[in-house]
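The sequence and coordinates are shown first.

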Amino acid sequence: MSDYNQQMIEQFRGNFLKEVESNVEEGEWVKMCMQCGVCSGSCPFGPHWAHPPQEIFMMIREGEREQVLTSDSMWMCTSCYNCIVRCPRGLPITHIMHGLATYAKRLGLAPKEQPTAKFAQLFWDNLTKTGRVNELKLGLALYFMNGFSEGIKTSLKMKDIGLGMWKTKRLNPMEMVGGHSCKDTKGLQAILAKAQEIEDAKIGRSGA
Ligand code: SF4
Ligand code: SF4
């Protein structure tokens with residue numbers, strides 16, 4: 001268990017709703033849910049998730065901390081906004097779902113093998129290196145994220161598309177040995193480090 005997770009358990013002592021209100025983006029809206037089920041009924045993927053939004057909000061209020069934070073349901077949200085436009089109470093459901101996913105990741109409770117969580121980390125690591133997405137490296141990282149043999153199989157499957165992109169100058173193999181970057185990479189990284197410092201101070205976290 002991460003130190004940060006332990007710290008939050010001790011701080012909120014079983015009051016998971018309060019914990020969500022304090023730490024999750026738009027979390028203070030959860031108590032406004034009247035359990036009508038419109039969001040879950042409107043969500044194109046909800047029926048395929050372990051816990052659609054309405055159920056997640058009910059579980060938060062019931063204090064089912066572990067089940068909520070280790071769930072992969074929040075990671076499946078595609079930000080289609082169907083739920084938000086239909087919620088009679090005006091809850092920012094999409095933002096809460098993403099906020100819960102982010103909080104679970106900070107605590108070290110997000111499911112390790114969840115593909116969206118893995119891709120989000122790959123994308124962030126790729127982007128923040130130079131301030132520009134290196135599509136070639138990102139694509140390869142994505143192919144190989146589930147292991148070497150899986151990566152080879154996917155690369156072979158996609159080779160015709162890759163060649164087509166190269167021929168039409170949509171993909172530059174030289175990106176493998178450097179690639180383009182923003183004008184002031186160091187400045188960007190200093191901004192990100194400061195933003196992280198502010199965020200850590202805001203949530204009372206140190207080195208988590
Ligand atoms: S539509 Fe809104 S009020 Fe209804 S269950 Fe979903 S979040 Fe709650
Ligand atoms: S925004 Fe997310 S939770 Fe809302 S309906 Fe779309 S996929 Fe479902």
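In the largest nonpolar core, which has 30 residues, I96 and L100 touch the most other members. A nonpolar core is here a set of buried Ala, Val, Leu, Ile, Met, Phe, Trp, Tyr and Cys residues joined through C-beta atoms within 7 Å, and a residue is buried if 20 or more other C-beta atoms lie within 10 Å of its own, exposed if 12 or fewer, and partly exposed in between, with C-beta atoms placed from the backbone. Two or more residues of this core come from each of α2 (16-23), α4 (53-61), α5 (65-69) and α7, and α7 provides the largest share, 8 residues. L100, leaving aside its neighbours within four places in sequence, is in contact with V24, V68 and M74, where contact requires the C-beta atoms, placed from the backbone, to lie within 7 Å. In soluble globular proteins, nonpolar side chains tend to be buried together.

The model is predicted, so that local features need pLDDT of at least 70 and side-chain atom pairs count only at pLDDT 80 or more, while totals for chains, interfaces and linings use all residues. Residues are numbered from 1 along each chain as its sequence is written, and chains are lettered from A and ligands numbered from 1 in the order in which they are written.

The shells around the two ligands are set out below; a residue belongs to a shell if its C-beta atom, placed from the backbone, lies within 6 Å of the ligand.

| Ligand | Residues around the ligand | Nearest residues |
|---|---|---|
| ligand 1 | 15 residues | C33, C36, V38, C39 and C87 |
| ligand 2 | 15 residues | C43, C77, C80, N82 and C83 |

Around ligand 1, α3 (38-42) and α4 each supply at least two residues, and α4 gives the most, with 3 residues. By class, this shell has 11 nonpolar, 3 polar and 1 charged residues, where Ala, Val, Leu, Ile, Met, Phe, Trp, Tyr, Cys and Pro count as nonpolar, Asp, Glu, Lys and Arg as charged, and the others, Gly among them, as polar. Around ligand 2, α7 gives the most, with 3 residues, and the shell divides into 9 nonpolar, 6 polar and no charged residues.

As for the fold, the protein has 11 helices and 0 strands, helices being DSSP runs of H or I with at least four residues and strands runs of E with at least two, numbered from the N terminus. Of its 208 residues, 22% count as buried, and residues 24 or more positions apart account for 60% of the contacts with a separation of 6 or more. The C-alpha atoms fill a box of roughly 55 × 40 × 30 Å, taken along the principal axes.

Definitions and conventions:
Two residues are in contact if their C-beta atoms, placed from the backbone, lie within 7 Å.
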